[in-house]
Amino acid sequence: MKFYTSDLHFDHENILRYENRPFDSVEDMNEALIANWNAKVKKGDEVYILGDFCFDKYGSRTNEILSRLNGQKFLIRGNHDYFLRSPSFDKSAFVWIKDYAQIKDGEHTVILFHYPIAVWDKKHHNSIHLYGHIHSNSGTHHPLAFDLGNAFNVGVDVCGYEPKTLEEIINLGGGLVDEEQYYR
């Protein structure tokens, strides 16, 4: 199975207030995110993290948290992934670390980037863009984001604080749009 998530912000105290997350403390949030992850993700599953994984400058907490999470982990860099600069961070915890990726999930081409983008490769051939960054616990799209068609926010704040499969994400976002119709 393939799963997607973003903006977990492990160890980020202020994210509780910024996003009105329903946890009493950062420790409660961390434990809930880990429990939710491991309840869905099995050892051989793939998890694509679209940035802002852990608020950790030194890398040691990130190493500890990653060691507790099931699955093979892939990272798209986010703007708060400071742990990547630390020499004590063990990069081997991720299969790869990239700024942008294009993968296949079943029959779908999926574009992975931390930020929402207006146009991506094969957009007019029904590819799907997954992103994070904008959080927003008010729905699947940030109030300032445009309707991009076949682009979905996979941040934990809109995905029930757990990784989601592509099918779950598409259903949560209201389904796919036939982009090819605009180019016929």
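These legends walk through several close-up views of a predicted model.

**View 1. Helix H2, checked end to end.**
Helix H2 covers residues 26–40. With 15 residues at 1.5 Å each, the helix should span 21 Å, and its end C-alpha atoms sit 22 Å apart, so the two values agree. Look for the buried residues here: Val26, Met29, Asn30, Ala32, Leu33, Ile34, Trp37 and Lys40.

**View 2. What packs around H2.**
Which elements do the buried residues of H2 pack against? Three of the partners are strands: E1 (2–5), E2 (46–49) and E3 (72–76). The others are helices, namely H1 (15–18), H3 (60–67) and H4 (166–172).

**View 3. Helix H3 and its buried face.**
In H3, the buried residues are Thr62, Ile65 and Leu66. Looking down the axis of H3, you'd find these buried residues within an arc of 100°, so they line one face of the helix. They pack against H2, E3 and strand E4 (94–98).

**View 4. The largest nonpolar core.**
This core holds 28 residues. Leu8, Phe10, Ile49, Phe53, Phe83 and Phe94 have the most contacts inside it.

**View 5. Zooming in on phenylalanine 53.**
Leaving aside residues up to four places away in sequence, what does phenylalanine 53 touch? Its contacts include Leu8, Phe10 and Phe83, which, like Phe53 itself, are among the residues with the most contacts inside the largest core. Phe53 also touches Thr62, Ile65 and Leu66, the buried residues of H3. His9, Leu69 and Asp81 round out the list.

**View 6. Arginine 61 meets aspartate 11.**
Side chains of opposite charge can pair when their charged atoms come close. A search of the whole structure turns up nine salt bridges, and here is one of them: arginine 61 with aspartate 11, with the closest N and O atoms 2.7 Å apart. This pair links distant parts of the chain, as arginine 61 is in helix H3 and aspartate 11 is in the loop between E1 and H1, 50 residues apart. Both are partly exposed: arginine 61 has a relative accessible area of 27%, and aspartate 11 has one of 22%.

**View 7. Arginine 68 meets glutamate 31.**
Here's another salt bridge, with the closest N and O atoms of arginine 68 and glutamate 31 at 2.8 Å. Arginine 68 is in the loop between H3 and E3 while glutamate 31 is in helix H2, so the pair ties together parts that are 37 residues apart in sequence. Arginine 68 is partly exposed at 37% relative accessible area, and glutamate 31 is partly exposed too, at 41%.

Lysine 40 and glutamate 162 join in a salt bridge at 3.3 Å, N to O. Lysine 40 is in helix H2 and glutamate 162 is in the loop between strand E8 (151–153) and H4, which puts these linked, distant parts of the chain 122 residues apart. Are these two residues buried or exposed? Lysine 40 and glutamate 162 are both buried. They also belong to a network of salt bridges that takes in Lys164 and Glu168.

Notes. Residues numbered from 1 in each chain as written. Predicted model: local features only at pLDDT ≥ 70, side-chain atom pairs only at ≥ 80, totals over all residues. Heavy atoms only, no water. Helix = DSSP H or I, 4+ residues; strand = E, 2+ residues; numbered from the N terminus. Expected span 1.5 Å × (residues − 1). Buried < 20%, exposed > 50% of the residue type's maximum accessible area, 1.4 Å probe, protein only. Contact = heavy atoms within 4.5 Å. Salt bridge = Lys/Arg side-chain N within 4 Å of Asp/Glu carboxyl O. Arc of directions from axis to C-beta. Core = buried A, V, L, I, M, F, W, Y, C linked by side-chain atoms within 4.5 Å.
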